[in-house]
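Colleague: Please put the model up, and then we can go through it piece by piece.

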Amino acid sequence: MTQLIQPMQPEEQSLPLPLSDAANLVVILAQSLLDWHRDTFDTALSDLLQLTRRKPESIGQVRHVLARELNIPHCEQWRVSAGEYERRRNQVFQALQQLLDAIANTAYEPVEQRKVGIQ
């Protein structure tokens with residue numbers, strides 16, 4: 001039986017379409033790509049992170065969508081192994097946490113430092 005992505009909940013409806021599409025693509029690729037297609041998954045995750053970086057106020061909604069869809073146990077009918085699925089899940093949530101930390105650190109830097117990249 002194929003796992004379908006759930007329809008968006010009311011609190012997710014304000015998520016911009018490109019972010020929603022990118023998040024759903026990461027979920028689909030995490031669950032369906034064979035283990036050796038890591039580069040495709042990594043590219044999709046990178047695209048999602050880049051879109052989220054442009055609209056940082058949406059990171060909570062993106063995380064909610066991904067948590068709902070990726071916090072399900074591995075299904076034997078998926079093409080990905082259980083170990084690779086766990087690796088991808090962890091990679092997604094670690095990347096989101098790093099992005100959230102980077103956004104939080106940037107928000108508190110003085111404007112002059114952000115412009116010239118002074119640490």
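Modeller: At 0% relative accessibility, Ala23 counts as buried (under 20% relative accessible area; exposed is over 50%, partly exposed in between, with a 1.4 Å probe and protein chains only). This is a predicted model, in which local features need pLDDT of at least 70 and side-chain atom pairs count only at 80 or more, while totals for chains, interfaces and linings use all residues. Residues are numbered from 1 along each chain as its sequence is written, and side-chain values use heavy atoms, without hydrogens or water.

Colleague: OK, and where does Ala23 lie?

Modeller: Ala23 is part of helix H1, helices being DSSP runs (H or I, at least four residues; strands are E, at least two) numbered from the N terminus.

Colleague: What is Ala23 in contact with, leaving aside neighbours within four places in sequence?

Modeller: With those neighbours set aside, Ala23 is in contact (heavy atoms within 4.5 Å) with Leu48, Val65 and Leu66.

Colleague: What share of the residues counts as buried?

Modeller: For the protein chain, with its 119 residues, the buried share is 33%. Taking the contacts with a separation of 6 or more, 71% are between residues 24 or more positions apart.

Colleague: Back to the helices, then: at what angle do H1 and H2 pack?

Modeller: H1 (residues 17–32) and H2 (residues 38–54) pack at about 155 degrees, and their axes are 9 Å apart; axes are lines fitted to C-alpha atoms over the stretch in contact, and angles run from 0 to 180 degrees between N-to-C directions. That angle makes the two helices roughly antiparallel (over 145 degrees; under 35 is roughly parallel, 65 to 115 roughly perpendicular, the rest oblique).

Colleague: Which residues of H1 and H2 meet there?

Modeller: On the H1 side they are Pro18, Leu19, Ala22, Ala23, Leu25, Val26, Leu29 and Ala30, and these meet Thr40, Phe41, Ala44, Leu45, Leu48, Leu51 and Thr52 of H2.

Colleague: What about H1 and H3, how do they pack?

Modeller: The angle between H1 and H3 is about 25 degrees, with 10 Å between the axes, so these two helices are roughly parallel to each other. Leu19, Ala23, Asn24, Val26, Val27, Ala30 and Gln31 of H1 make the contact with Val62, Val65, Leu66, Glu69 and Leu70 of H3.

Colleague: One last thing, where is the place of Ser58?

Modeller: Ser58 sits in the loop between H2 and H3, the latter covering 59–70. The relative accessible area of Ser58 is 2%, so this serine is buried. Not counting residues up to four places away in sequence, Ser58 touches Leu15, Pro16 and Leu19, and Leu19 is among the H1 residues that make the contact with H3.
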